[in-house]
Each structure stands twice: as structure tokens, then as C-alpha cells.
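Work through the exercises below with the sequence and the structure at hand. Each task is followed by a solution in steps.

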Amino acid sequence: MSDTEALLGDLRAEGDEVDGLVTGLDDTGWRTPTPAPGWTVAHQIAHLAWTDERAAQAALDPDGFAAEVRKARAAPGGFVDEGADQGAALPPAELLRRWRDGRERLCRTLAQAPPGARLPWYGPPMSVKSMATGRLMETWAHGQDVADALGARRAPTARLRHVALIGVRARGYAYAARGLEPPAEEFRVELTAPGGGVWTFGPEDAAQRVTGDALGFCLLVTQRAHRADVAVTAYGPDADRWLDIAQAFAGPPGKGRLPGGGAA
């Protein structure tokens with residue numbers, strides 16, 4: 001099995017896990033508010049469906065996707081909410097079917113992409129693996145919003161390594177998104193993986209270090225938990241500053257969560 005095949009398998013598994021959270025919900029369950037202000041469970045699933053559709057479109061219809069990018073640039077503050085609002089207005093069964101069909105279509109599309117393909121996106125073009133990893137990260141993060149809204153607990157899996165990797169690689173972006181100059185030196189990140197073992201990123205002798213629990217780190221970099229609520233520790237002033245602003249997602253800085261889990 002190739003690395004891409006394994007990654008797409010993880011993407012499918014992540015989608016299936018979130019699917020299990022919403023399968024069987026009644027209309028009231030779909031309207032449950034989530035930690036994202038103004039977004040219900042339906043909005044979260046609608047957003048995932050919309051973004052999966054855009055990702056597949058980027059690979060299959062670059063011209064059509066370019067038109068979507070132009071629309072987004074014309075309304076940078078509202079195009080994400082607009083897509084979520086439209087999907088959330090659908091009957092739950094139709095929305096769930098749309099998401100299921102769209103995420104399977106995306107996996108097939110990425111599996112068939114030629115080696116070395118670069119896919120257009122809202123930021124720089126992305127490789128097939130980067131697109132798949134990004135979709136997995138977002139599926140996990142929005143799935144966490146759904147789980148929090150429904151009072152469900154998800155067992156962390158080895159798939160979190162993909163989320164952690166994006167969080168580490170996006171360190172420079174977290175600074176740039178705030179108009180800050182990122183530190184030039186590399187950082188060391190050491191995370192305790194689900195089930196034991198340690199995931200490491202960066203040079204072993206780096207002066208700036210972050211250590212802790214992989215789940216907590218992933219919650220922090222996706223801004224699904226406040227720093228005070230996760231078992232993640234920084235050593236060095238630059239590492240300490242990074243944990244205050246870390247984000248694994250593109251776009252403007254998020255407001256994150258308040259201590260204790262409330263929306264900021």
C-alpha cells in the first residue's frame with residue numbers, strides 16, 4: 001500500500017467516525033448549537049460537505065474552482081458561513097447523503113490524480129497528499145465540534161499524527177496570519193501518541209521545545225481547546241509564544257476557546 005493509499009484510508013476512517021456521531025440524530029439533534037458561534041451540528045456537517053466538494057472541484061474542474069475563488073475573494077468575510085448556511089437548510093437526510101457522496105467522490109478523485117499533481121486551492125496549490133491531510137485535519141476538528149455539542153467522547157487514534165504534522169508545519173503561518181515575523185530557528189516537538197510511543201518533529205537539539213500529549217496538541221493547534229486545558233508544555237520564549245497563537249488551519253486568526261471549553 002502506498003503512502004497516499006494509506007492516507008486516503010485514514011481520511012475515509014475519520015469521515016466514518018464523524019458520520020457515526022450524527023447518524024440517527026433527530027431534527028432537534030441536528031439543530032444542537034456547537035461551540036462555533038451561530039453554527040449547529042448541521043452547519044458543521046454542511047461545511048465539511050461544501051469543502052469536500054470544493055476540493056474535488058479543484059482537481060476535476062480547475063476553471064470552475066477558480067470562479068469559486070473569485071467569489072470568495074469578493075466576500076472574504078462571509079463565503080464560508082454562506083456555504084454552511086445553505087447546506088444546513090437542507091433536510092438532515094439529504095445533507096448527510098450529500099456529505100457521504102461528496103467525501104467518497106473526493107477520495108476517489110485524489111486516488112486517481114496523477115503523481116506529482118498540484119491542486120489549486122484558496123492559498124498556494126497543494127499536493128494530493130497535502131490536500132488529503134488538510135481534509136482529514138478539518139474533518140477531525142469539525143468532528144470535535146460535533147462531539148462537544150452532543151456530549152460525546154471520541155477515543156484518540158493514530159490518525160492524529162496527520163493533524164499534529166499540519167500543526168507543526170503551519171507554525172510560520174500562525175505568525176504570518178497575525179502580521180508577525182516567525183522565529184528563524186527550528187523547533188522540537190515531542191508528543192505522546194495514543195496508545196504509547198512518541199511522535200517527534202524537528203531537530204533533537206533545538207533550543208525551543210514543545211512536549212506533551214498528542215491529543216492536547218491537536219486540540220490546541222486546531223483551536224478546539226484553550227492552552228490552559230491541555231497537557232502541552234513549552235520550553236523557551238519563542239515556543240511559549242507559539243502555543244499562544246498556534247493554528248493548523250488557513251485563514252485569519254481564530255478566536256479559539258476560552259478556558260473550560262467555552263467559545264471565545
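**Exercise 1. Burial and surface**

Task: State what percentage of the residues in the protein chain is buried, and how much of the accessible surface belongs to carbon and sulfur atoms.

Solution. The model is a predicted one. Step 1: a residue counts as buried when its relative accessible area is under 20%. Step 2: buried residues make up 46% of the 264 residues in the protein chain. Step 3: the accessible surface of the chain is about 12500 Å², and carbon and sulfur atoms hold 52% of that area.

**Exercise 2. Overall fold**

Solution. Step 3: the C-alpha trace spans about 50 × 40 × 40 Å along its principal axes. Step 4: of the contacts with a separation of 6 or more, 65% are between residues 24 or more positions apart.

**Exercise 3. Charges**

Task: Find how far apart the mean positions of the positive and negative charges are.

Solution. Step 1: count 29 positive and 34 negative charges. Step 2: their mean positions are 2 Å apart.

**Exercise 4. The surroundings of T32**

Task: Locate T32 and list its contacts beyond four places in sequence.

Solution. Step 1: T32 sits in the loop between helix 2 (27-30) and helix 3 (41-60). Step 2: its side chain reaches the backbone oxygen of G29 at 2.8 Å. Step 3: with neighbours within four places in sequence left aside, T32 is in contact with W39, T40, V41, A149 and L150.

Technical notes:
Residues are numbered from 1 along each chain as its sequence is written. This is a predicted model: local features need pLDDT of at least 70, side-chain atom pairs count only at pLDDT 80 or more; totals for chains, interfaces and linings use all residues. Side-chain values use heavy atoms; hydrogens and water are left out. Helices (H or I, at least four residues) and strands (E, at least two) are DSSP runs, numbered from the N terminus. A polar contact is a pair of N or O atoms within 3.5 Å; within protein, one must be able to donate a hydrogen and the other to accept it, and residues adjacent in sequence count only if both atoms are side-chain atoms. Contact means heavy atoms within 4.5 Å. Buried means under 20% relative accessible area, exposed over 50%, partly exposed in between (1.4 Å probe, protein chains only). Accessible areas come from the Shrake-Rupley method with a 1.4 Å probe; for residues, only the protein chains shown count as cover. Lys and Arg count as positive and Asp and Glu as negative; His and the chain ends are not counted. The place of a charge is taken as NZ of Lys, CZ of Arg, CG of Asp or CD of Glu.
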